[in-house]
Amino acid sequence: MENKFYAVLTGDIVKSSRMSPADLRRLPEALTTIFQSIDPICKPAGFATRFSIFRGDSFQLICEPECALKAWLIIRTGLRSTYPAPLSKSVDARIGIAVGKVNYLAGNITESSGEVFNLSGRLLETLKSPRLTGFVSENREINRNLNAGLMLAEDILRRWTTSQCRIVPLLLQSLNQSEIAKATKTRQPTVTAKINAMGWNAIEHWMDYYVALANESGSFTNP
């Protein structure tokens, strides 16, 4: 029995029926590429992120709790980067984030068991547009705080352009503006203006707050 805390992200693609047949066919490969980019960015201490894609447009992912928000941001911006489009037609995902105990962790995570899987799946079903993300754990006060932050973060994220989404993995790796300019073959003043327009400072501080919570023993249990 595992009985250890993990983060589970259960999600599906918003309005996938409106995607072109070609875009829909490459969706599983696109999701796989995005998911495989999470660990090199998050650098988890001991547990490698696992994921499963099902029904073509749905997925479930399990990772270390401190990686949950970075994984969420990588998925959302990764989809926007992979399928460039005006904001009104962008490809996006609903994601229910849960942190809790896992009773049994199978090689195929869809065969695993634990309340955290149920919490994440049930939360996903409650998410209705324009709200695309929610957080749940045993700690109701933490849930309220993090969901308030998620609503603000979502409002910021929705305004990002494709080019802004593409630099998020670099920002999450703490590259400085000069390094980002070199990696994207862009002038540094352009990078600076882009980051400032994104409101990245607020997102970064909010994620730091979450990581501190995740590393504090008992944060996600009933007080």
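**A tryptophan and its surroundings**

Trp72 has a relative accessibility of 1%, so this residue counts as buried; buried means under 20% relative accessible area, exposed over 50%, and partly exposed in between, with a 1.4 Å probe and protein chains only.

Before going on, a word on the source. This is a predicted model, in which local features need pLDDT of at least 70 and side-chain atom pairs count only at pLDDT 80 or more, while totals for chains, interfaces and linings use all residues. Residues are numbered from 1 along each chain as its sequence is written, and side-chain values use heavy atoms, with hydrogens and water left out.

Now the aromatic rings. The structure holds 8 aromatic pairs. Rings of Phe, Tyr and Trp (its six-membered ring) pair if their centres lie within 6.5 Å; planes under 30 degrees apart count as stacked, over 60 as edge-to-face and the rest as tilted. Trp72 and Trp206 have ring centres 6.1 Å apart and planes at 80°, so this pair is edge-to-face. Trp72 belongs to helix α4 (residues 68–82) and Trp206 to helix α11 (residues 200–214), so the pair ties together parts 134 residues apart in sequence. Helices here are DSSP runs of H or I with at least four residues, strands are runs of E with at least two, and both are numbered from the N terminus. Trp206 has a relative accessible area of 12% and is buried.

What does α11 pack against? Helix α6 (residues 140–157) packs with α11 at an angle of about 155°, the axes being 11 Å apart. Axes are lines fitted to C-alpha atoms, for helices over the stretch in contact, and angles run from 0 to 180 degrees between N-to-C directions. That makes α6 roughly antiparallel to α11, a label for angles over 145 degrees; under 35 is roughly parallel, 65 to 115 roughly perpendicular and the rest oblique. Trp206 is among the α11 residues in this contact, and α6 contributes Leu146 and Gly149, among others. Contact means heavy atoms within 4.5 Å.

Next, the sheet. An open sheet of 5 strands runs in the order β2-β3-β1-β4-β5, with mixed pairing. Two strands pair if DSSP finds at least two bridges between them. The edge strands, β2 (50–54) and β5 (133–136), each pair on one side only. Strand β1 (residues 4–13) pairs with β3 (residues 58–63) in the antiparallel sense over 6 bridges. Val8 has Ile62 in β3 as its bridge partner. Helix α2 (residues 27–36) packs on the sheet and touches β1, β2 and β3.
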